[in-house]
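Subject: Handover of a structure

Dear colleague,

Please find the sequence and structure below.

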Protein chains: 2
Amino acid sequence: MHILIIGAAGMVGRKLTQALVKAGEVGGKPIERLTLADIVAAEAPAFGGAVEALAADLSAPGTAAALIGKRPDLIFHLAAIVSGEAEADFEKGYRINLDGTRYLLEAIRLEGSKAPYQPRLVFTSSIAVFGAPFPEAIGDEFLSTPLTSYGTQKAIGELLLNDYSRRGFVDGVGIRLPTIVVRPGKPNLAASGFFSNILREPLSGKEAVLPVSRDVRHWFASPRAAIGFLLHAATIDTDRLGWRRTVSAPGLSATVGEEIEALRRAAGDKAVALIREEPNETIARIVAGWPRNFDAKRALSLGFRAESSMDEIIRAHIEDELGGRVG
Amino acid sequence: MHILIIGAAGMVGRKLTQALVKAGEVGGKPIERLTLADIVAAEAPAFGGAVEALAADLSAPGTAAALIGKRPDLIFHLAAIVSGEAEADFEKGYRINLDGTRYLLEAIRLEGSKAPYQPRLVFTSSIAVFGAPFPEAIGDEFLSTPLTSYGTQKAIGELLLNDYSRRGFVDGVGIRLPTIVVRPGKPNLAASGFFSNILREPLSGKEAVLPVSRDVRHWFASPRAAIGFLLHAATIDTDRLGWRRTVSAPGLSATVGEEIEALRRAAGDKAVALIREEPNETIARIVAGWPRNFDAKRALSLGFRAESSMDEIIRAHIEDELGGRVG
């Protein structure tokens with residue numbers, strides 16, 4: 001089968017590519033061809049089949065048609081401008097996150113008008129489609145009232161995915177990803193970055209800044225779990241979804257304090273001592289508007305699986321990123 | 001003040017124009033100028049102030065910018081391809097209902113980037129943003145999972161209206177209109193047409209066809225109530241809406257049987273005898289997927305008002321369309 005990953009150069013895209021190359025198949029079908037698209041070309045992995053890594057801007061006219069003209073059987077659409085940037089640059093956010101997604105869906109529809117074509121499309125949505133006030137745990141029937149432009153664009157993407165699937169143009173599955181911890185790489189400026197920083201940096205003997213109080217609660221899954229969601233979405237029986245094609249992924253609801261205690265169990269007091277509390281009002285206010293907990297019944301009943309403790313999440317990081325060693 | 005009505009030639013647009021001309025003011029501010037836009041030019045009413053009736057296609061590039069360049073203070077966006085047509089012609093539905101709405105919002109945003117500008121925008125959404133399975137009564141926090149392309153396009157319009165309002169580009173209010181009965185004019189081919197036909201035609205001594213059973217329940221408001229919603233939305237304090245800018249309008253939940261009994265009270269057995277039952281499986285199936293009842297608490301608390309009986313709805317029709325006489 002031919003798989004297209006749009007947004008292949010990002011953290012999730014790279015890990016997904018690795019997982020696909022390692023598995024060599026999806027749902028029992030061998031992967032013959034991988035097309036990796038992103039705004040900058042991803043690194044092409046060592047792979048027995050055909051691999052093509054392309055620099056492609058999905059929001060530019062013609063890009064989607066060119067990618068879809070090769071009729072991939074399975075498409076992962078991970079490309080997006082992140083929350084902070086979509087808020088700072090209104091036009092860019094709509095161009096990439098809304099127009100880009102729509103161009104992709106339109107390219108698939110038009111390709112199907114030439115000869116039958118209905119690929120599986122896995123779309124990464126976000127818990128940012130939800131806006132406060134929240135119930136204690138957000139259920140599968142909670143309404144989408146995003147409070148950011150990013151969340152708005154993702155909510156629109158979900159609606160389009162439903163409609164294009166209902167009309168038979170595509171076989172779509174959307175997943176609202178939890179906040180990913182432990183995010184590998186360097187600390188970044190995302191408002192949510194500290195959730196990962198306070199684990200990743202001390203686990204490598206480095207200092208990290210905690211800008212909020214320890215009782216802040218949020219919704220997490222590991223990068224490993226996120227890749228699991230995407231692979232499961234690629235093969236799930238979509239008849240079970242009806243026309244509500246996006247599901248809130250399972251995850252772990254935990255406080256910053258629980259993160260810190262799990263860090264202590266994994267790497268001791270010395271690691272915890274590397275966390276410097278530096279309260280930041282702006283970040284605290286942003287985080288206060290975020291979901292804290294979900295009741296992800298539907299995803300669980302569909303077979304999606306996530307970690308059930310922060311210890312597991314930290315262990316996944318130590319195994320996948322640190323070669324099994326702490327220090 | 002300068003008022004722009006987009007979709008001014010339709011039934012609601014014409015009644016709204018009449019109501020505005022009659023009132024001469026909105027929220028205490030005299031109306032100095034009326035711009036009436038539609039795909040075909042509306043009839044310009046007799047009016048003391050300036051009136052301009054334009055043939056304008058909102059989905060054509062440049063149209064929205066030209067309309068907004070005149071900086072109207074209050075905009076009613078009523079233009080839409082209806083449900084059946086948006087389902088039959090996928091591209092046209094998205095072009096008018098999604099692109100048209102987005103062009104309008106973008107034109108307002110860009111006009112505001114030249115000099116401060118934040119007009120009130122009243123947007124007509126629809127109960128089609130909701131899809132089965134429904135609760136007994138749809139509350140203000142029910143999720144939008146449309147089962148038509150039209151409903152999808154309206155749900156996206158609501159999301160955009162929220163985001164553009166939150167960002168300060170526009171001061172938006174959306175209203176999900178109930179099915180309008182009694183719709184004046186000739187019977188049309190809309191699947192919902194019979195709800196009006198079985199009242200309007202017998203009230204004028206003509207036959208009407210009833211394609212569904214009498215226990216079918218649906219959600220109604222009169223044209224008079226609909227105009228009341230729009231005028232109220234034009235002056236409401238939007239701080240009370242927060243960033244959930246669209247409300248489900250109040251209405252009347254009634255069965256076809258209740259419609260018929262109200263017709264009997266207004267015009268006797270002779271009128272009821274003009275209804276011919278001609279069961280139609282296709283229409284019955286479509287109607288089965290529609291909302292039956294709402295709990296419109298929020299709209300009521302915001303001061304929106306509708307009829308509380310089918311008798312009132314019929315009386316409004318007799319007064320507004322039949323000069324007070326039945327026969």
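Chain A of this predicted model has a secondary structure of 11 helices and 14 strands; helices (H or I, at least four residues) and strands (E, at least two) are DSSP runs numbered from the N terminus. The radius of gyration of chain A, taken over C-alpha atoms, is 19 Å, close to the 20 Å that the globule rule gives for 327 residues, so chain A is as compact as a globular protein of that length. The rule is 2.2 Å times the number of residues to the power 0.38. The C-alpha trace of chain A spans about 60 × 45 × 40 Å along its principal axes.

As to conventions, residues are numbered from 1 along each chain as its sequence is written, and chains are lettered from A and ligands numbered from 1 in the order in which they are written. Because the model is predicted, local features need pLDDT of at least 70 and side-chain atom pairs count only at pLDDT 80 or more, while totals for chains, interfaces and linings use all residues.

Of the 327 residues in chain A, 49% are buried (20 or more other C-beta atoms within 10 Å of the residue's own; exposed means 12 or fewer, partly exposed in between, with C-beta atoms placed from the backbone). Among contacts in chain A with a separation of 6 or more, 76% join residues 24 or more positions apart; a contact requires C-beta atoms, placed from the backbone, within 7 Å.

A:Leu274 lies between helix H8 (256-272) and strand S14 (275-277) of chain A and is partly exposed, with 17 other C-beta atoms within 10 Å. Leaving aside neighbours within four places in sequence, A:Leu274 is in contact with A:Glu201, A:Pro202, A:Lys206, A:Glu207 and A:Ala208. A:Gly205 is 69 residues from A:Leu274 in sequence, yet 7.6 Å away in space, C-alpha to C-alpha.

The contact between the chains takes 17 residues from chain B and 17 residues from chain A. On the side of chain B, the largest share, 7 residues, comes from helix H5 (residues 149-166).

The axes of H5(A) and H5(B) come within 10 Å and cross at roughly 180°; axes are lines fitted to C-alpha atoms, for helices over the stretch in contact, with angles from 0 to 180 degrees between N-to-C directions. The two helices are therefore roughly antiparallel (over 145 degrees; under 35 is roughly parallel, 65 to 115 roughly perpendicular and the rest oblique).

Yours sincerely

Note on methods:
Contact = placed C-beta atoms within 7 Å.
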